[in-house]
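I opened the notebook to record what I looked up in one structure.

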Amino acid sequence: MGKVIKGTIAGLLLTWGLFMIAVAAYTARLPEGERKKDGVVWACLVLGVPPAIGGGWMFWGMVRGDKKREEENRIDPELQLRETFFRLVRENHGRVTVLRFAMEAQLSAQEAKEYLDKQARILDAQFESRDDGTMFYIFPL
């Protein structure tokens, strides 16, 4: 069921239920002579409590479902960093610079250098320096 439809139904159930509970409370507070029947209070409660509980339950389920989906969609930062690293290595045929990795991974230059140094030790990378001072990490593919 669509989120809008489910929210509308939950809102209507909750509104109806709370209205009926309010009518029951109002009727119960009337003096004995003005009350037509005690059955009216019970009827309002019977017609009000279940929809109120159902509507509240539907709203709670929607909120809980949204939080669950949000958690599922949240990507682990370490996983995202690793994916960015391997994507750059693949796209650039093993050649990665600190600046390029920092820009892609949205890290500071220092953090990017530390990460690349760590990966270079693990993966036995080579280094290459150009005349213009650009330093490349060369990872074996």
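The entries below cover a helix, a surface patch and some salt bridges.

**Entry 1: the model.** I noted before anything else that this is a predicted model.

**Entry 2: helix α1.** I looked up Trp 16 and found it in helix α1, which runs over residues 3-29. I then checked the length of α1. Its 27 residues, at 1.5 Å a residue, should span 39 Å, and the C-alpha atoms at its ends are 39 Å apart, so the two values agree. I also listed buried residues in α1, among them Gly 7, Ala 10, Gly 11 and Gly 17. Met 20, Ala 24 and Thr 27 are buried in α1 too.

**Entry 3: a nonpolar patch.** Which residues form a nonpolar patch on the surface? I wrote down Trp 16, Phe 19 and Leu 47. Together they have about 330 Å² of accessible area. For Trp 16 I looked up the relative accessibility, which is 43%. Exposed means over 50% and buried means under 20%, so Trp 16 counts as partly exposed.

**Entry 4: salt bridges around Arg 87.** I reminded myself that side chains of opposite charge can pair when their charged atoms come close. The structure holds 6 salt bridges. I took the one between Glu 91 and Arg 87, where the N to O distance is 3.4 Å. Both residues lie in helix α3 (residues 77-91), and because they are 4 residues apart, about one helical turn separates them. Glu 91 is partly exposed at 43% relative accessible area, and Arg 87 is partly exposed at 26%.

Arg 87 also forms a salt bridge with Glu 104, with the closest N and O atoms 2.8 Å apart. Glu 104 lies in helix α4 (residues 98-105) and Arg 87 in helix α3, so this pair ties together parts that are 17 residues apart in sequence. Glu 104 has a relative accessible area of 30% and is partly exposed.

I then asked which residues are linked in a network of salt bridges. Arg 87, Glu 91, Arg 100 and Glu 104 are linked in this way.

Entry 5: I looked up Lys 113 and found a salt bridge with Asp 117, the closest N and O atoms being 3.1 Å apart. How many residues apart are Lys 113 and Asp 117 in helix α5? They are 4 residues apart, about one turn of the helix, and α5 covers residues 109-123. Lys 113 is partly exposed, with 38% relative accessible area. Asp 117 counts as partly exposed at 22%.

Definitions and conventions: Residues are numbered from 1 along each chain as its sequence is written. This is a predicted model: local features need pLDDT of at least 70, side-chain atom pairs count only at pLDDT 80 or more; totals for chains, interfaces and linings use all residues. Side-chain values use heavy atoms; hydrogens and water are left out. Patches are made of residues with over 30% relative accessible area and no salt bridge: like charges are joined within 9 Å, nonpolar side chains (Val, Leu, Ile, Met, Phe, Trp, Tyr) within 5 Å. Accessible areas come from the Shrake-Rupley method with a 1.4 Å probe; for residues, only the protein chains shown count as cover. A salt bridge is a side-chain nitrogen of Lys or Arg within 4 Å of a carboxyl oxygen of Asp or Glu. Helices (H or I, at least four residues) and strands (E, at least two) are DSSP runs, numbered from the N terminus. Buried means under 20% relative accessible area, exposed over 50%, partly exposed in between (1.4 Å probe, protein chains only). The expected span of a helix is 1.5 Å times one less than its number of residues.
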